[in-house]
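Dear colleague,

Kindly look through it first; a summary of the findings follows.

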Amino acid sequence: MSAPRIDLYSDTHTLPTPAMRQAMAEAEVGDEQQFEDPTVNKLCAMVAELLGQEDAVFLPSGTMCNQIAFRVHCQPGDEIILDYTAHPINAEAGGPSALAQAQTRALHTDLGIFTADQVRAALRPASGRHTPRSRVLSVENTTNAGGGSVWPIEDIIAVTAVAKEHGMAAHMDGARLMNAVVESGTSATEYGRHFDSIWLDLSKGLGCPVGGVLAGSADFIEQAWRFKQQMGGAMRQAGIIAAAGVYALEHNVDRLAEDHENARAFCRDIAQIPGIKLLFDRCQTNLVFFDVSETGMDAATVAERLRAHDVRMGAMGPHRIRAVTHLDVDAEQLAEAAMALREVVS
Ligand SMILES: Cc1ncc(COP(=O)(O)O)c(C=O)c1O
């Protein structure tokens, strides 16, 4: 089955451009396990610097970035505090309990952005044999199921200060960190300096076919490497794929603003369609969520009927649909997608 012409399912569906493929084809490579791949080394150095950290490690996926970070930070029985919509709770196949053997403590918010008071209220007592140990505070920026919302830096400072006061590690899931950076004007370095571990995904809005880069202190990265090896994430001539990351960081960051602009125009269009209710009352970055209950159809039916118009969006619950803008869809195609939605629901 081939992909639909207008694919708004996810920013993970971007295809490498000819220029990115050329950079990949021409990459200098070596054995990354021996630190002899110059392109992987370059990518890691770029990301460590970007995120204000000492070192970084290239990994096959964002999921592995989260899971390895949790393994480094946690002992079995520890607790990770995060929003109830966070990716590690909902979409990493139970990784925190299976791999770090840590349990998760979910905070309930509207946008995936919790407060320092919520963190304080969730903390376990510092002593005591009965309770788990609060060990990691994990922040997702932008929030995925929180509508692509951007964490304001003041909120980051407030919640990570609580984590530090209580001897916890602060971790950022930066699957879409560069979207947050472009939208907020807060630099990646400024976000990064409040965290003990932080990563960004290359295979989402940045347009690479694969990969995430996890950054932290030199000691953290040394421990992360051990788990990378153990989980089978250590690669060989990985410069071929790291080259896409280098290319993306040099060429595809500023243009994320276009994706955000396109998403807002798409929101304005679909907000006019009877029966469509925009969720989160706003669209801040590239993730658009809407509810179709009032159309009398469920999300799966709407998504299926959109396919007949060569448009793909994701059913994310019985009545909720997500549409994602990215570098493979332009403003015209988004206007077409909005028209298709109007036809499907009317
Ligand atoms: C917020 C968030 N974290 C982590 C991930 C996992 O990234 P990957 O698909 O690279 O494993 C995703 C992927 O959708 C995500 O949206």
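Across which strands does helix H3 (residues 62–73) lie? This is a predicted model, and in it helix H3 lies across E2, E3, E5, strand E6 (169–174), E7 and E8. Its direction is at about 25° to E8. Helix H2 (residues 38–50) lies across E2, strand E7 (197–201) and strand E8 (212–216), and runs at about 125° to E2.

These strands belong to an open sheet of seven strands with mixed pairing, in the order E2-E8-E7-E6-E5-E3-E4. Strand E2 (55–59) and strand E4 (103–107) stand at the edges; each has a single partner strand, so one side of each is left without a neighbour in the sheet. From one strand to the next, the twist averages 20°. Within the sheet, strand E3 (residues 78–83) pairs with strand E5 (residues 133–140) in the parallel sense, over four bridges. Ile-81 has Leu-137 in E5 as its bridge partner.

Turning to the ligand, the residues that surround it include Ser-61, Gly-62, Thr-63, His-87, Glu-140, Asp-201 and Gly-212. By class, the shell around the ligand has one nonpolar, eight polar and three charged residues.

As to the overall division, the chain consists of domain 1 (18–251) and domain 2 (255–345), whose C-alpha centres lie 28 Å apart. Contact between the two involves 14 residues of domain 1 and 13 residues of domain 2. On the side of domain 1 that touches domain 2, four residues are nonpolar, eight polar and two charged.

Yours sincerely

Definitions and conventions. Residues are numbered from 1 along each chain as its sequence is written. This is a predicted model: local features need pLDDT of at least 70, side-chain atom pairs count only at pLDDT 80 or more; totals for chains, interfaces and linings use all residues. Domain bounds come from an automatic or database domain assignment. Two residues are in contact if their C-beta atoms, placed from the backbone, lie within 7 Å. Ala, Val, Leu, Ile, Met, Phe, Trp, Tyr, Cys and Pro count as nonpolar, Asp, Glu, Lys and Arg as charged, and the others, Gly among them, as polar. A residue is near a molecule or strand if its C-beta atom, placed from the backbone, lies within 6 Å of it. Two strands pair if DSSP finds at least two bridges between them. Helices (H or I, at least four residues) and strands (E, at least two) are DSSP runs, numbered from the N terminus. Axes are lines fitted to C-alpha atoms, for helices over the stretch in contact, and angles run from 0 to 180 degrees between N-to-C directions.
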